[in-house]
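Subject: Structure handover

Hello,

My notes on it follow, grouped by region.

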Amino acid sequence: MVDFYARTLIDYAVVALGMAVAMFIVFQVLVRLGMKREAATGYALILPWLLGFIVWTAYPILASLYYSFTNYNVFQPPKWVGLDNYVKWLTNDRSFWPSLRLTLLYGLISLPIGLALSLGVAMLLARNVRGVGVWRTLYYLPAIIPTVATILLWRWLLGSEGLVNQIMSPLYNLIGMDKPSWFVDERYALPGLIIMSLWGVFGANTVILLAGLKNIPTHLYEAVELDGGGAWAKFRHVTLPMISPTLFYTLVLGVIAAVKTFEPGIFIKLNSLTTGTFLQVLVYGNAFAGGNSRMGYASALGWIMLIIIMVLTLLVFRSSALWVYYEGERK
Amino acid sequence: MEEAKELQAVIDKVNAAATTYEIVHEPQPADYYTKIQTNLAGGTAADLLWLSQEFIAGYADKGVLLDISDYLKNDTRPAAKLDDYFSDILQTAQFNGRTYGLPWIAQPVVLYYNPKMFADAGVEPPNENWTWDDFKTAAEKLTKDTDGDGKPDQWGTAFNGWPPIHMFIWQAGGEVISEDKTQSPIDTPEALAGAQFYKDIIYNPKYAAPQEVIKEQGFAELAKNGKVAMFFGGAADDLDYAHTKDPRFAEMKVALVPKGPKSRATFAWTASTVINAATKNPKAAYDALVDLTEGIHRWKIVAPRKSLASAEVIAASVPQKQASAEVILKALPDARSFRIVPRHSEWDSIFWEKFQDPLFQGKGTAAELAKQARPELEATLSQ
């Protein structure tokens, strides 16, 4: 073990030294080519990041685009099959459409509810009540609990003998309904996932919205008061327009995150043929799980997801002209 | 956990006698096949690996596994004698006439039953002449509502896709992959009869625990907790001695699986130890493989070798299994493993997605689904 750490340390040292030399060479070459010293220093300094980006991000992206047109099992060279993988996903894969439906419905329902809730909490936290720091910490807490722990907790809460069903059982009796087994019964899987998704929304979104709220100048509210407007008028005519750029930002990130949802689908086994599962789980399943990689097929779904995300984001951007207000901009 | 300790004891013994190698055990409890695939592709995999039967042909076909046929020819150690292996089990470690590993277990499916539940329901316990009909009749009688809430809370049996539906198709005289591995005749009348029998029972509240109950309460746990009277389990399962470890568990006995219209074929789960083709020391790895296999054969039941298929070896390997040894040995001649093709997992997912799952969910009759699935299955058989 000591030996292992020693070797690792040496490896790091070699890489660091090599990087320093490379940065120096880049700097020298750029200066010789007539670049200003300041600019050359900049380029030399971002060299490690640039190399990392090329090796760990740009190359994998391009490789997956290529693989998506091939049959590739990671052991033998890929075989070109053209658009076959894409056609197969869209026409001949029984888990694709239910999963697309689940993923989109999940985003479509959980996202607005989650945003509304975090906006509400942010507005409460924006008030100067006593101990506001404690409240802010408490509301942020769920966001720093690892997702997996949260999911395991909810799997227990929403089991057929779980806490939720025990609390709700008088209600079930009243309407003559059996205790649902949320994640097993296909009718309740989506609602269960959505309820679970709301647990974490207070974290980052609330903090961002809170920052947006704090930036609203108080004189705007005073103006509403002078005109005799109440709380609703303040919210409707000041708060909402003023934080609409913040909402827009969280919405865009939320759409991307919703399409890419992964952990709940891995830790709660959904039946991909009836309820569907999250698209990202299908990518993982085909690329890595089960000992027989279909990397090409999985890559194709990755690119289909990218197109879905682009279309949805574009829609949000297009619609933003209608509801996002930027200060200093005239409509 | 317990199993890892037992294996470590086997390995310690093997290592103590070895001069050219040392086996280091790296347990990988979760996502095993994902992990080794990544390791093999990245060149960081261990020299020896365990592969369940479905994977060996595929990996051998991709050139990832070391062909050990020539080593085996010149080896006189007992675990290296291929004639001694049950041929149906050994074939899962072979591909195109070459051998790529040694099986370490041959675990036929047997019928575990709960004598107390049988007595309470006034049903005769299973015997060697049991047919499908006898099984069905008993399962129906053993499914009962004991607390009077109008819903059954004990069941005759529980299926969740295990044992594989293939087993019932074989029992009816059908095949899912033909002997020459070029066809998937799942739409023959025999194959359909087997599939239909299974479909009639699985998740059917008349005979078996429903899907929700199985998922919530655990599949084998239902049997252990005395809620399911008959359970198809592997011969090495602990169902027949779980009560000796924890008195809360139900006492169960072992019987042969019921006979189908054509045979009593029973599925045998098997796995093999194989060698990573990229190993730096093929000879040492091979020696370790054979020694380790010999060690495991005296620990795991049933060892896949004819010479070790005796009540004494079983009792010596797992003393708690002594009472069941006779039935397990009787099941062995009918034990069958899958016929494995290189693109087996692809075949398997089509079989599941296009045939088995829709059949269980009532989304088509066995005949319709089989007809649709067959051409797609056969497309994966041609290499």
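**Strand β5 of chain B**

From β5(B), the residues B:Gln107, B:Val109, B:Leu111 and B:Tyr113 point one way, while B:Pro108, B:Val110 and B:Tyr112 point the other way, and all are buried. Buried here means under 20% relative accessible area, exposed means over 50%, and partly exposed is in between (1.4 Å probe, protein chains only). The model is a predicted one, in which local features need pLDDT of at least 70 and side-chain atom pairs count only at pLDDT 80 or more, whereas totals for chains, interfaces and linings use all residues. Residues are numbered from 1 along each chain as its sequence is written, chains are lettered from A and ligands numbered from 1 in the order in which they are written, and side-chain values use heavy atoms, with hydrogens and water left out.

Strand β5 of chain B covers residues 107-113, and since 7 of its 7 residues are buried, the strand is largely enclosed by the rest of the structure. Helices (H or I, at least four residues) and strands (E, at least two) are DSSP runs, numbered from the N terminus. Two strands are taken as paired if DSSP finds at least two bridges between them.

The pairings of β5(B) are these:

- With β7(B), β5(B) runs antiparallel over 5 bridges; B:Tyr112 is opposite B:Phe231 there.
- With strand β8 (residues 253-255) of chain B, β5(B) is joined by 3 bridges, again antiparallel; B:Leu111 faces B:Ala255.
- With strand β9 (residues 266-269) of chain B, β5(B) pairs in the antiparallel sense over 2 bridges; B:Gln107 has B:Trp269 as its bridge partner.

**The open sheet in chain B**

An open sheet of 3 strands in chain B has the order β1-β10-β4, with antiparallel pairing. At its edges stand β1 (48-52) and β4 (101-103) of chain B, each with a single partner strand, so one side of each has no neighbour in the sheet. Neighbouring strands of this sheet are turned by 25° against each other on average, direction ignored; axes are lines fitted to C-alpha atoms, for helices over the stretch in contact, and angles run from 0 to 180 degrees between N-to-C directions. β1(B) is joined to strand β10 (residues 271-275) of chain B by 5 bridges, and B:Leu49 is opposite B:Val274 in β10(B).

**Salt bridges**

Over all chains, the whole structure holds 26 salt bridges, each being a side-chain nitrogen of Lys or Arg within 4 Å of a carboxyl oxygen of Asp or Glu. One of them links B:Asp240 to B:Lys321, with the closest N and O atoms 3.0 Å apart. B:Asp240 is in the loop between β7 (228-234) and α12 (242-245) of chain B and B:Lys321 in the loop between α14 (311-317) and α15 (325-331) of chain B, so the pair ties together parts 81 residues apart in sequence. Both B:Asp240 and B:Lys321 are buried.

Another salt bridge joins B:Lys283 and B:Asp287 at 3.2 Å, N to O. These two are 4 residues apart in helix α13 (residues 282-297) of chain B, which means that about one helical turn separates B:Lys283 and B:Asp287. B:Lys283 is partly exposed at 46% relative accessible area, while B:Asp287 is buried at 15%. Shared partners join B:Asp75, B:Arg77, B:Lys283, B:Asp287 and B:Asp291 into one network of salt bridges.

**Between the chains**

Contact (heavy atoms within 4.5 Å) involves 25 residues of chain A and 26 residues of chain B. The two chains bury about 2200 Å² between them, 46% of it on carbon and sulfur atoms; buried area is the accessible area (1.4 Å probe) that two parts lose on being put together, summed over both. In chain A, the residues that lose the most area to chain B are A:Phe75, A:Arg94 and A:Val184, together 28% of what that side buries. There are 0 salt bridges between chain A and chain B.

**Two buried residues in chain A**

A:Thr70 is in strand β1 (residues 70-71) of chain A and is buried at 0% relative accessibility. A:Ser110 lies in helix α4 (residues 96-126) of chain A and is buried at 8%. Leaving aside neighbours within four places in sequence, the contacts of A:Ser110 include A:Ile194 and A:Leu198.

Regards
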